Amino acid sequence: MYRIVSAIFLAENIKKFEIEAPMIAKKRKAGQFVIVRVESNGERVPLTIADSDPEKGTITIIVQGAGKSTRELNRKEAGDSIADVVGPLGTPSHIENFGTAVSIGGGVGTAIAYPTAKALKEAGNYVITINGARTKELVLLEDEMKACSDEAYITTDDGSYGYNGFVTQKLQELIDSGKKIDFVLAIGPIPMMKAVADVTRPHGIKTVVSLNPIMIDGTGMCGGCRVTVNNEIKFACIDGPEFDAHQVDFKNLADRNRIYQHEEKEAGDAFEHACKLHGQG
Ligand SMILES: Cc1cc2nc3c(=O)[nH]c(=O)nc-3n(C[C@H](O)[C@H](O)[C@H](O)COP(=O)(O)OP(=O)(O)OC[C@H]3O[C@@H](n4cnc5c(N)ncnc54)[C@H](O)[C@@H]3O)c2cc1C
Ligand code: FES
């Protein structure tokens with residue numbers, strides 16, 4: 001069992017957990033993830049390691065309640081335990097001094113981009129962060145992002161905070177202003193990552209995205225997470241999750257992620273119903 005040291009909501013439906021996992025805290029690198037099972041008979045949920053404290057022996061994960069398992073996890077509090085935490089998994093982010101690096105996060109993607117943005121800063125890059133949310137209340141990790149940025153921008157779709165518009169509009173403005181950008185990292189919903197790739201492609205800017213296919217074992221055995229990159233099949237759990245954005249088949253990724261939509265909805269509805277019956281709605 002893995003003990004939860006702290007658990008706080010960062011925004012509605014998005015919770016940050018610090019979990020005791022000393023071996024993972026020691027080994028993990030930016031861009032890697034864990035697979036969590038909330039209960040011993042539960043589903044396997046991949047979650048990025050947002051941060052770690054090797055001295056304390058803890059890792060940080062930031063979880064958006066998307067369906068049954070993540071909502072079940074987000075009901076846990078400090079002092080509770082999680083059945084399984086396996087990792088670190090995946091290939092670490094490729095970090096070097098590119099020059100000027102832009103880190104773009106959309107929604108909970110900001111939490112996934114944070115460790116890599118921090119590592120890019122530590123490697124000597126001039127780091128620009130653009131973090132987008134639908135509205136002010138959903139803006140994540142503002143202080144943490146500022147701390148690892150030379151320039152930090154917040155965008156909101158409804159204009160309630162920061163720049164009024166999408167992250168891609170802000171990126172396009174930066175490019176149009178003549179700023180030389182050497183590297184872009186984009187993590188968020190599939191349409192956002194595709195849109196960023198479309199903005200940077202004509203300028204030949206190296207762009208990396210972190211893909212979120214459905215994962216099961218996380219060790220390259222089941223084939224569940226296969227994605228098409230440069231017309232080749234790759235397993236995101238071991239070959240990724242980060243890939244060259246200009247070579248990713250985003251349509252194939254979106255189609256595959258919809259395969260279990262019906263079952264996911266049924267499981268989510270049954271969970272909500274059970275919570276209401278037990279007065280936890
Ligand atoms: C490498 C990786 C890192 C991730 N990091 C984070 C993170 O740091 N924070 C965060 O909030 N979310 C993260 N996710 C997404 C998270 O894993 C899914 O939201 C979660 O699995 C949904 O499970 P559920 O039962 O709550 O929802 P469900 O209702 O089962 O599914 C909701 C949606 O989540 C996706 N999903 C479902 N099952 C899986 C699965 N086994 N593997 C991957 N995606 C699935 C599907 O697209 C689905 O439509 C990451 C995904 C990957 C692949
Ligand atoms: S999750 Fe099974 S091969 Fe990647």
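Buried area is the accessible area, taken with a 1.4 Å probe, that two parts lose on being put together, summed over both. The size of an interface is often given in this way. The structure shown is a predicted model.

**Domains and their contact**

The domain assignment divides the protein chain into domain 1 (2-89), domain 2 (92-210) and domain 3 (211-281). Between domain 1 and domain 3, about 1,000 Å² is buried, and carbon and sulfur atoms account for 60% of it.

| Property of domain 1 and domain 3 | Value |
|---|---|
| Distance between C-alpha centres | 18 Å |
| Salt bridges | 0 salt bridges |
| Polar contacts | 2 residue pairs, both at pLDDT 80 or more |

**Nonpolar cores**

In soluble globular proteins, nonpolar side chains tend to be buried together. Which residues touch the most other members of the largest nonpolar core? They are I104, L171 and L211, in a core of 35 residues. Helix α6 (residues 190-200) makes the greatest contribution to this core, giving 6 residues.

L171 can be followed through its contacts. When neighbours within four places in sequence are left aside, L171 is in contact with V102, I104, I130, I181, V184, V196, V199 and T200.

**A residue of strand β1**

I8 lies in strand β1, which spans residues 2-11. Is I8 buried or partly exposed? Its relative accessible area is 46%, and I8 is therefore partly exposed, because that class runs between the limit of 20% for buried and that of 50% for exposed. Apart from neighbours within four places in sequence, the residues in contact with I8 are I14, K15 and K16. I112 stands 104 residues from I8 along the chain, and 17 Å separates the C-alpha atoms of I8 and I112.

Methods:
Residues numbered from 1 in each chain as written. Chains lettered and ligands numbered in written order. Predicted model: local features only at pLDDT ≥ 70, side-chain atom pairs only at ≥ 80, totals over all residues. Heavy atoms only, no water. Core = buried A, V, L, I, M, F, W, Y, C linked by side-chain atoms within 4.5 Å. Buried < 20%, exposed > 50% of the residue type's maximum accessible area, 1.4 Å probe, protein only. Helix = DSSP H or I, 4+ residues; strand = E, 2+ residues; numbered from the N terminus. Contact = heavy atoms within 4.5 Å. Domains from an automatic or database assignment. Salt bridge = Lys/Arg side-chain N within 4 Å of Asp/Glu carboxyl O. Polar contact = N/O pair within 3.5 Å; in protein donor to acceptor, adjacent residues only side chain to side chain.
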